[in-house]
Amino acid sequence: MVDVGSFIEEKREEIATEVGGANAIIALSGGVDSSTAAALAYEAIGDQLTPVYVDTGLMRKGETDEIRETFSYMDSLRIVDAQDRFLDALEGITDPEEKRHVIGEQFIREFETVANDVEAEYLVQGTIYPDRIESEGTIKSHHNVGGLPEHIDFEGIVEPMRDLYKDEVREVARELDLEEIISERMPFPGPGLAVRIIGEITEEKLEVAREANHVVEEELEEYEPWQALAAVIGKATGVKGDNRVHGWVVSVRSVESRDGMTARAQEIDWETLQRIQSRITGAHENVARVVYDVTHKPPATIEYE
Ligand code: XMP
């Protein structure tokens, strides 16, 4: 990207020309990519664009309210409460790729309902360059890439940021005056907390993961990680008060990266790690221990599933 201002101008015109007088739809995840694509497309075509935010129940703490507030200037914003439907669909599923598949399918159903309702002919997506590269390989099936168009008969797909890296997307976001909570926020995977919970998704694990991720994001902000996260990885024995408990093990991870394709585990000072440990074990009676993940990518991936 040569210059942010001209990039935005060029894309605005491109989107307006391509969509013309038709209606378009975009899935808003709360992440920087889809938020930036939505803001860009909204500038181009206004309320002809329906941004759809599906509350899957797998989101970060406070995320739905932040979205509601940040995008309240878009009259066409739709917030779909689908938490129960996602949890039901995920019941009993333990295989990571199956989880992604089920989430992807459910997402499509929710999205389709709105797309039909507003008679959307165009699909706008926040796909960026590394998404395309990873999807072409066999690394993981990223559910936000490639799935939607096969199910809905769109006239066209608009991917204004398909050639950008994440740091360039952030530049665009800043230029569009997206709030810092969006433009500077760490990337968050489409399947949400589901890939930060090993094995079956249950309400209790979700509660633990949501609070632990909140603690980690807060405590590690000063390290400016590419991503800092917490995952519920299993169960182990601990003592709480006078009782032995068989409680959750939470793994904390903080990595530096440029594009997510490779990453380095960050060195975090002991006091900060202890504070994180104490806040996470204190937040839920069934958390028995907290560990710190020192593995780079490769050989590990950033997420746990
Ligand atoms: P991994 O875990 O493969 O992650 O090292 C690389 C980057 O991609 C994000 N990620 C996902 N994003 N759907 C997404 O939209 C997914 O299924 C998915 N899995 C991983 C991850 O957060 C990291 O930024």
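Start with the largest pocket: select Glu 184, Arg 185, Met 186, Glu 217 and Glu 221, which lie nearest its centre among 24 lining residues. On a 1 Å grid over the protein atoms alone, a pocket is an open set of points with protein on both sides within 12 Å along at least five of seven lines, while a cavity is a set where a 1.4 Å probe fits but cannot get out; lining residues have an atom within 4 Å of a point.

Before you go further, please note that this is a predicted model, in which local features need pLDDT of at least 70 and side-chain atom pairs count only at pLDDT 80 or more, while totals for chains, interfaces and linings use all residues. Residues are numbered from 1 along each chain as its sequence is written, and side-chain values use heavy atoms, with hydrogens and water left out.

Now colour helix H8 (166-175), helix H9 (180-183) and helix H10 (203-219), the elements that each give two or more residues to the lining of the largest pocket. Helices (H or I, at least four residues) and strands (E, at least two) are DSSP runs, numbered from the N terminus. H10 gives the most to this lining, with 5 residues. The pocket holds about 710 Å³ of space, a volume being the space filled by probe spheres set on the grid points, which are joined across faces, edges and corners. Colour the lining by class and you will find 4 nonpolar, 4 polar and 16 charged residues. Here Ala, Val, Leu, Ile, Met, Phe, Trp, Tyr, Cys and Pro count as nonpolar, Asp, Glu, Lys and Arg as charged, and the others, Gly among them, as polar.

Where does the largest pocket lie relative to domain 1 (4-183) and domain 2 (197-292)? Both domains give residues to its lining, so the pocket lies between them. The domain bounds come from an automatic or database domain assignment. The centres of the two domains, taken over C-alpha atoms, are 28 Å apart. Their contact (heavy atoms within 4.5 Å) takes 18 residues from domain 1 and 16 residues from domain 2.

Next, select Val 208, Glu 211, Ala 212, Val 215, Ile 280, Ala 283, His 284 and Val 287, which line the second largest cavity. Helix H11 (270-283) joins H10 in giving two or more residues to this lining. About 40 Å³ of space lies inside this cavity, and its lining residues are 6 nonpolar, 1 polar and 1 charged.

Move on to Thr 56, in the loop between strand E2 (49-55) and helix H3 (63-70). Is Thr 56 buried or exposed? Thr 56 is buried, with a relative accessible area of 6%; buried means under 20%, exposed over 50%, and partly exposed in between (1.4 Å probe, protein chains only). Show its side chain, which reaches the backbone nitrogen of Leu 58 at 3.0 Å.

For contrast, pick Asp 177, in the loop between H8 and H9. Asp 177 is exposed, with a relative accessible area of 67%, and its phi is near 65°, a positive value in a residue other than glycine.

Finish with Pro 298, in the segment after strand E9 (287-292). A cis peptide bond joins Lys 297 and Pro 298, with omega about -10°, and the bond from Pro 298 to Pro 299 is cis too, with omega near 15°.

Technical notes. Polar contact = N/O pair within 3.5 Å; in protein donor to acceptor, adjacent residues only side chain to side chain.
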